[in-house]
Amino acid sequence: MASINSFNRFAVAASTAGITMLNPPEPCDMMTPDEALVLAAYLVSMAEHESEFTFDQVLDAVQGA
């Protein structure tokens, strides 16, 4: 299994006001699928404990859309 680069490239951060990306991608920047999964993991890890939904519930809704 390959090693996962979990560097917080987009500087995802949470505060009492919400979640933000301090270094968001430029509008035309492409990211690899691996980079997208790492970004998603940062967002989920910061959002799930504050949300009324679980990640699995949201994933099911998105994949069923």
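Because the model is predicted, local features are reported only at a pLDDT of at least 70 and side-chain atom pairs only at pLDDT 80 or more, while totals for chains, interfaces and linings use all residues. Residues are numbered from 1 along each chain as its sequence is written, and side-chain values use heavy atoms, with hydrogens and water left out.

The protein contains two helices and two strands, where helices (H or I, at least four residues) and strands (E, at least two) are DSSP runs numbered from the N terminus. Read from the N terminus on, the elements follow the order β-β-α-α. Along the principal axes, the C-alpha atoms fill a box of roughly 30 × 30 × 25 Å. Of the 65 residues, 8% count as buried; buried means under 20% relative accessible area, exposed over 50%, and partly exposed in between (1.4 Å probe, protein chains only). The accessible surface amounts to about 5,400 Å², and 61% of this area belongs to carbon and sulfur atoms. Among contacts (heavy atoms within 4.5 Å) between residues at least 6 apart in sequence, 43% join residues at least 24 apart.

The two strands, β1 and β2, form a hairpin with two residues between them. The strands run antiparallel and are joined by four bridges; two strands are taken to pair if DSSP finds at least two bridges between them. S15 lies in strand β1, and its bridge partner in β2 is G18. S15 is partly exposed, with a relative accessible area of 47%. The C-alpha atoms of S15 and M46 are 9.5 Å apart, although 31 residues separate the two in sequence. A47 lies in helix α1 and is partly exposed, at a relative accessible area of 28%.

T16 is placed in the loop between β1 (12-15) and β2 (18-21). This residue is exposed, with a relative accessible area of 89%. From C-alpha to C-alpha, T16 and D56 are 24 Å apart in space and 40 residues apart in sequence. A11 is found in the segment before β1 and is partly exposed, with a relative accessible area of 22%. The phi angle of A11 is near 50°, a positive value in a residue other than glycine. Most residues other than glycine have a negative phi.

The largest pocket holds about 360 Å³ of space. A pocket is defined on a 1 Å grid over the protein atoms alone, as an open set of points where a 1.4 Å probe fits, with protein on both sides within 12 Å along at least five of seven lines; lining residues have an atom within 4 Å of a point. Grid points are joined across faces, edges and corners, and the volume is the space filled by probe spheres set on the points. The lining comprises 17 residues, of which I4, N5, D34, E35 and V38 lie nearest the centre of the pocket. Helix α1 (residues 33-47) contributes the largest share of this lining, seven residues. By residue class, the lining divides into ten nonpolar, four polar and three charged residues. Here Ala, Val, Leu, Ile, Met, Phe, Trp, Tyr, Cys and Pro count as nonpolar, Asp, Glu, Lys and Arg as charged, and the others, Gly among them, as polar.

Terms used:
Accessible areas come from the Shrake-Rupley method with a 1.4 Å probe; for residues, only the protein chains shown count as cover.
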